[in-house]
Amino acid sequence: MIKRDLVIIGGGSAGMAAAIEAKKNGIDDILILEKDGVLGGILNQCIHNGFGLTEFKEELTGPEYLSRFVKQVEELGIEYKLNSLVLDITENKCVTYSNEKDGVVIVEAKAIIFATGCYERSPGAIQLAGDRCSGIITAGTAQKYLNIHGYLVGKRIVILGSGDIGLIMARRMTLEGAKVLCVSEIMPYSNGLNRNIAQCLNDYDIPLYLSRSVLRVEGKSGRVEKVVLAAVDDKMKFIPGTEMEFECDTLLLSVGLIPYVSLLDKLHCEMSSTRGAKVNDQLMTSIPGVFACGNCLHVHDVVDFVTDEGRDAGRGAANYIKGLSEKKKHILVKPGNGVGYVIPQFIETDLNNDITFKFRVRRPVKNVFVNFKSGDALIHKVVKPVLIPSEMVMIKLNKDKLAGLPLDEIEVSLEER
Amino acid sequence: MYMLDVVIIGAGVSGAFIARKLARYELNVALFERENDVGDITSNANSAIVHSGYDPVPHTLKALLNVRGNAMFDQIADELDVHFNRCGSLTVAVSDEQMAMLYDLEKRSHENGVEVRILSADEVKKMEPHISQEAKGALLAPTAGVVDPFNLVVHAVENAVDNGVELHLSEPVIDIVDKGEYFLVKTPKGEYESKVVINAAGLYSDKIASMIEDIDWHLIPRKGEYFVLDHYEVGLVNHTIFPLPSAKGKGVLVSMTSSNNYIVGPSSEPIDDVEDFATDSFTLGEIRRQATELVPDIPFNQVIRVFSGIRPTSTRHDFIIEPAKTNKRFINVAGIESPGLVSSPAIAEYVFENYVSKLFNLVEKKNFNPRIKKYHHLNEMSVEERNAAIKENPEFGTIICSCEKVSLGEIKELLDRSVPPHSVKGVKRRCRAGFGKCQGGFCSPMVTLILAKHYGVSPLDITWDRKPILEEEVKKI
C-alpha cells in the first residue's frame, strides 16, 4: 500500500489538465494512472487538425495539442505511470492498479479524479440487425487501426451515425483511397459539428442521409457484403418501401459515445442521464473526495472544454484536500423544457465566483430564451439565436445571483421567443 | 495413410465430449471441424443453461441424458476448469391456469428423477425481488445451473487432444465412402480411412448421415435470438427464470450467466437456411415483450450484444443417437437441440457404452489425465496471488481488455495451449477480452496484433471470425 494526496485515473487531456491545475493549487503529491503506453489518451489517434482554437488560438493536431500538456506535466514533475490500468476503487478511496513493473499496487488517496474518457456505443448496444461479420466496426477503432497501426479497415464504406469521429473518418479514409458511399443518420439532424459536415462530407461529395438508419447488414460470407438503409418515421420506425441498398465491405459506426466509468457503478455513486456521475459545483461526485471531469462526466465536442473541465476538477480536488470545500447548501440543478442535462447537478459550496452551467438541448432550436428559474422566480435569462444538440452550451452565472433563492433548486429550460 | 479407429465429425459440444471419452482408450481418434475453431456454431450461441431436466417428456433420450448429464457437471467443471454455477431455475406461473400446469410439471420432474419444489408467490418474490407482481408461484429446480459454453467445449477438446486425439480444424467432411471394412472420409485437405465414424455434425448432421444411406429423419432448424446485458450489478435475477414451457420450447428466459452477465432470450422460429444467423428487430422486440412479462424492469440500456443461434431440431423431436440402418460402425448423434449442452457428457457416455465399446476390444490408457492444466484467472486471485503471478510472468500485469480486465499474459497463455484461438473471436470466447461494454472497441486492435505476431503473419491475415478485419496496409511515408 502506498499513499498519495491525489490520484488521477486517466492521463488524457482531462487528466493532465487536472493534474497541472492541482499542482498549481498547491497539491504536490499527485499520481496519474494511464492505461495506455503514452499520455494523451484518444488525442494520440486524432491526427487531424482543429484542436486548441480557444486554448492556444491556433489549430493544432491531436498529438501537437497533447504534447503541450505532456511537457507541462514533465516540467512540473508530476508522477505518472503508463500501461497501468485501475482494477478497483473502494469507497475509502483506495485505488488498485496493475502494471508489468509494479505488479498490483493499492494506493490510498485523499482525493481521486476520474478522467477516464468515454467509449463508443457498440453494434450490440444499438441492436444492429443482420449478420455479425467482419467489417462492422466503430469509427474510433477504425481510426486507431489507421492512424496508429497503418491499416485501412475497408475500401467501400457506409457510415452509420453522424458523430464527429465518423465524419472525420469519412474524410480520412477517402484520403487513403477508400470510397465512402454515404453517412446515414437516424435523427432528422446531424449529430456532428457543422464544420465537420462541411469539411469532411461536403468537400468530398459524400452524401448525408438524415432520418435513415440501417435496416440490416448482409454478410453471410463472413464479411459485410451489403448494407440496407431505410427511412424512419418520427417514432423511429422503419418506413416500408424506402430501402436503399449499398454494396460495400464495411459498416462504420459512429452512433454515440458513453462515459467510461464502470468503476463508479460498484460504488453506488449517483449517476446522471449522461451515464456519467452527478457532480456538484466542485465537480465532486456523490462520494466525498471523488471527482469526475472530461468525457467520463459528459461527452464533449471540443477538447478545449475538456481541458477546462479538467482544470476545474483539479481545483476542486485541491480545495477538498486542503479542507476548503465544506458543503454550505444543497441546490439541485434540473434540466427543464428542451434541455437534456445540466452540469453541475448540485451547487454545494461558495468557492467559485462564477458557476458555469453546461448543458445540451434535446433538439435543434432557433431564437430561444434560456431561462434559469427557481420555483417561479426568474434568476437569469439569455437569448440564443441557434442551439443544436451537437454543441454543448455554456452559460456563466455570478454566485450572487444564487443568493436567497425561493427554492433549493434551479431549473434550466428553453422558452420560445 | 494409416487406419484411424474413429473419426468424429463436428467439434461442437457433443463431438468434444465424445472425443474426450474416447481419449481414455487406446484408440486412434480424429476430430474434424469445418470451422476454424471448436464449439463455434450451435455450442457457441445458446442459453448456456445446465438444465435440471424437469421439462423433457419422460423416458425420452432427452429426459434420460439431461438428468444424467446434469449430475456430471460439478466434476466436469472441476476437471476442465470451466466456470459453472448451480444457481437453480425458477419456472414462474403468472396465472391460476399456469399454476395448475406447474403441478403437472412437478409430476413430470419426479418421473424424470429431478428434485423440484413448488414455491408460493411470496417465496418467489423474496428470492427474486425483480420478478413480476403477477407471479403466482414457481417451480424451483435447485440442480439447474449456468456454464461457460465456450470454454466447456474448448477445454473438453483440449483435454482430448492432450490425451492423444487429433484435431483437424477448417476441414469440412465433403464425402464418406463405405468401403465395407472401413470408411473413406474425404475433406478438401485429404482422405482418411477410419473403422468407425461418429456423425456429430450439428446443423449438417442430416447431410453427413445422407452420405452413406437414405435417412428417415431430417432437420428443421430453428433460430433463437438473444440479448446479452453487461454485468452492471448483481441481483437483477438470481436464478434462471423460465416461463411455462410450450410446444415451441422452454420459452424466453431471463438468466444470469456464468460470467455474471444477464442473458434474455431465445426466440424460436423455424428457418430454411442453416447459415442465416442474422438478428432482426421485430423478433428482438417480441423477446423483449415476453421477457418483461416475467421481469418487468430489465435495463435494456445495458445491452452489449444481440446474437442468434440455430438449434438442429429434428423431425423426431428427440435426440437421435443410433447407428446407421445399414452400418453399425456409423453412428449418428443428431438433433442435439436443447437440452444438448447439459446432456453432452452423458451423450458421450451413451455413445460409448451402447455402441463404440461393442466395436473394439478396448484397453484403457495408463496415462490418461482427465484434468487440463489450470489457466491463470487473474480476476479470481487475491492481490498477493496476482503479484506472485506477475513476478513469474510480468505480462500478467499488463491489462489489454480494460472492460473485462484481461491481461496480456492471459491472452498469450491461450496461444500456447493445444487448442489455441486463431481469430479475435476465438480469443474473446476463451478469455473474455472484448466481451465487455465496449465490445472490443479498445482492445481488438491489440488482440489482432498479438495474434499476427504469434502466428508470424501480417495483421491483414487475422480474422474476426471467418474473414479478415483489415483490408489494406497504407503506404508508409
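Student: Leaving aside neighbours within four places in sequence, which residues is A:Ile112 in contact with?
Tutor: A:Ile112 is in contact with A:Val7, A:Ile9, A:Ile89, A:Lys93, A:Val95, A:Gly289, A:Val290 and A:Phe291. Two residues are in contact if their C-beta atoms, placed from the backbone, lie within 7 Å. The model is predicted, with local features needing pLDDT of at least 70, side-chain atom pairs counting only at pLDDT 80 or more, and totals for chains, interfaces and linings using all residues. Residues are numbered from 1 along each chain as its sequence is written, while chains are lettered from A and ligands numbered from 1 in the order in which they are written.

Student: What makes a set of residues a nonpolar core, and which residues have the most contacts inside the largest one?
Tutor: Such a core is a set of buried Ala, Val, Leu, Ile, Met, Phe, Trp, Tyr and Cys residues joined through C-beta atoms within 7 Å. A residue is buried if 20 or more other C-beta atoms lie within 10 Å of its own, exposed if 12 or fewer, and partly exposed in between. The largest nonpolar core has 157 residues, and A:Leu6, A:Ile112, A:Ile113 and A:Phe291 have the most contacts inside it. Strand 8 of chain A (residues 103-114) gives the most to this core, namely eight residues. A second, separate core has 119 residues, including B:Ile49 and B:Leu167.

Student: Why is B:Ser357 called partly exposed?
Tutor: B:Ser357 has 13 other C-beta atoms within 10 Å, and is therefore partly exposed. Its place is in helix 8 of chain B, residues 340-359; helices (H or I, at least four residues) and strands (E, at least two) are DSSP runs, numbered from the N terminus. The C-alpha atoms of B:Ser357 and B:Leu22 are separated by 9.5 Å, although these residues lie 335 apart along the chain.

Student: Why does the radius of gyration of chain B agree with that of a compact globule?
Tutor: The radius is taken over C-alpha atoms, and the globule rule is 2.2 Å times the number of residues to the power 0.38. For 477 residues a compact globule would have a radius of gyration near 23 Å, and chain B has 23 Å, so the two agree. Buried residues make up 55% of chain B, and its C-alpha atoms fill a box of roughly 65 × 65 × 45 Å along the principal axes. Chain B has twelve helices and 23 strands.

Student: How many residues of chain A are in contact with chain B, and which helix of chain A gives the most to that side?
Tutor: 44 residues of chain A are in contact with 47 residues of chain B. Helix 3 of chain A gives the most to the side that touches chain B, with six residues.

Student: How do you know that strand 11 of chain A pairs with strand 23 of chain B?
Tutor: Two strands pair if DSSP finds at least two bridges between them. Two bridges join strand 11 of chain A to strand 23 of chain B (residues 472-473), and the strands run antiparallel. In strand 23 of chain B, B:Glu472 is the bridge partner of A:Leu152.

Student: Into which domains is chain A divided?
Tutor: An automatic or database domain assignment supplies the bounds: domain 1 (1-121 + 256-325), domain 2 (122-255) and domain 3 (327-417). The centres of domain 1 and domain 2 of chain A, taken over C-alpha atoms, are separated by 31 Å.
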